[in-house]
Amino acid sequence: TDTVAAMAGRVGLEGSGCVGIAQTVDAMLVFSTSYVLQSACGRVAIVCFRGTEAATFGNWLGDVDVGSERMTLGQPSVGDASFVVHAGFRRNMRATRWGVLEQLRLALEGRSVLAPEQHVGSPLEALYLTGHSLGGAMAALFALSLVEDPEQRELLARLRAVYTFG
């Protein structure tokens, strides 16, 4: 988290709050880490999904777990679109999804992700998702999970972009 916060300062997000959410379940090949950065004013949040950990063999096994799961997007604008996604990637995204959503709900309420009892200047206005490799897949699947879940419409309305690498 210190590294992510230091990097945030270098890209113009000085004073931002950064919370890390991690979940590891060896038996399920889950090695999921996500970081939620909140700008000092509270208007912007960036969720960074960590990619494959090169030194973690189980993480690589999860990447090659190419089984599939079906996602259904029951949205009026897209109809009832249904498609198949990579099971290992989705399992990793879901492992930290609720923790990320909890932090983003604080941001929506104009509260600090670092100290929920404190308020920041403004509630969340713009949400960005990013990740590399496994993290890129998790960012894309997280965005789709916002579309899939009707309870997340408020967050979906604030989603501005998903940036993936590798």
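1. In strand E2, Val 30, Ser 32, Ser 34, Val 36 and Gln 38 point one way while Phe 31, Thr 33, Tyr 35 and Leu 37 point the other way, and all are buried, where buried means under 20% relative accessible area, exposed over 50% and partly exposed in between, with a 1.4 Å probe and protein chains only. E2 is accordingly described as mostly covered, with 9 of its 9 residues buried. Leu 37 is counted as buried because its relative accessibility is 6%, and its C-alpha atom is separated by 10.0 Å from that of Leu 127, 90 residues apart along the chain.

2. On provenance, this is a predicted model in which local features need pLDDT of at least 70 and side-chain atom pairs count only at pLDDT 80 or more, whereas totals for chains, interfaces and linings use all residues. Residues are numbered from 1 along each chain as its sequence is written, and side-chain values use heavy atoms, with hydrogens and water left out.

3. The protein holds 5 helices and 7 strands, these being DSSP runs numbered from the N terminus (helices H or I of at least four residues, strands E of at least two). From the N terminus on, the elements follow the order α-β-β-β-α-β-β-α-β-α-α-β. Of the 166 residues, 46% count as buried. Among contacts between residues at least 6 apart in sequence, 58% join residues at least 24 apart, a contact being heavy atoms within 4.5 Å.

4. The open sheet comprises 5 strands in the order E1-E2-E3-E6-E7, and its pairing is mixed; two strands pair if DSSP finds at least two bridges between them. Strand E1 (17-25) and strand E7 (159-165) are the edge strands, each pairing on one side only. Neighbouring strands are turned by 15° against each other on average, with direction ignored.

5. Within the sheet, E1 and E2 are antiparallel and pair over 9 bridges, with Ser 32 in E2 as the bridge partner of Gln 23. E2 and E3 also run antiparallel, joined by 5 bridges, and Ser 34 stands opposite Phe 49 in E3. These two strands, E2 and E3, form a hairpin with 5 residues between them, and Gly 42 in the turn has a positive phi of about 90°. By contrast, strand E6 (residues 126-132) pairs with E7 in the parallel sense over 6 bridges, where Gly 131 has Thr 164 in E7 as its bridge partner.

6. Two helices pack on this sheet. H3 touches E1, strand E2 (30-38), strand E3 (44-49) and E6, its direction making about 20° with that of E2. H4 touches E2, E3, E6 and E7, and its direction makes about 145° with that of E6. For these angles, axes are lines fitted to C-alpha atoms, for helices over the stretch in contact, and angles run from 0 to 180 degrees between N-to-C directions.

7. The two helices also meet each other: the axes of H3 (residues 87-108) and H4 (residues 134-148) come within 9 Å and cross at roughly 60°. The residues of H3 in this contact include Phe 89, Met 93 and Leu 104, and those of H4 include Leu 134, Phe 142 and Glu 148. By class, the contact has 11 nonpolar, 3 polar and 3 charged residues, with Ala, Val, Leu, Ile, Met, Phe, Trp, Tyr, Cys and Pro counted as nonpolar, Asp, Glu, Lys and Arg as charged, and the others, Gly among them, as polar.

8. The largest nonpolar core has 24 residues, and those with the most contacts inside it are Val 47, Leu 104, Leu 127, Leu 129, Phe 142 and Leu 155; such a core is a set of buried Ala, Val, Leu, Ile, Met, Phe, Trp, Tyr and Cys residues joined through side-chain atoms within 4.5 Å. E3, H3, E6 and H4 are the elements that give two or more residues to it, and the largest share, 7 residues, comes from H4. Leaving aside neighbours within four places in sequence, Leu 127 has contacts that include Ala 45, Val 47, Leu 104, Leu 146 and Leu 155.

9. Two further residues deserve a look. Glu 148, in helix H4, counts as partly exposed because its relative accessibility is 26%. Leaving aside neighbours within four places in sequence, Glu 148 is in contact with Met 71, Thr 72, Leu 73 and Arg 90. Ser 133, in the loop between E6 and H4, has a phi near 60°, a positive value in a residue other than glycine; most residues other than glycine have a negative phi.
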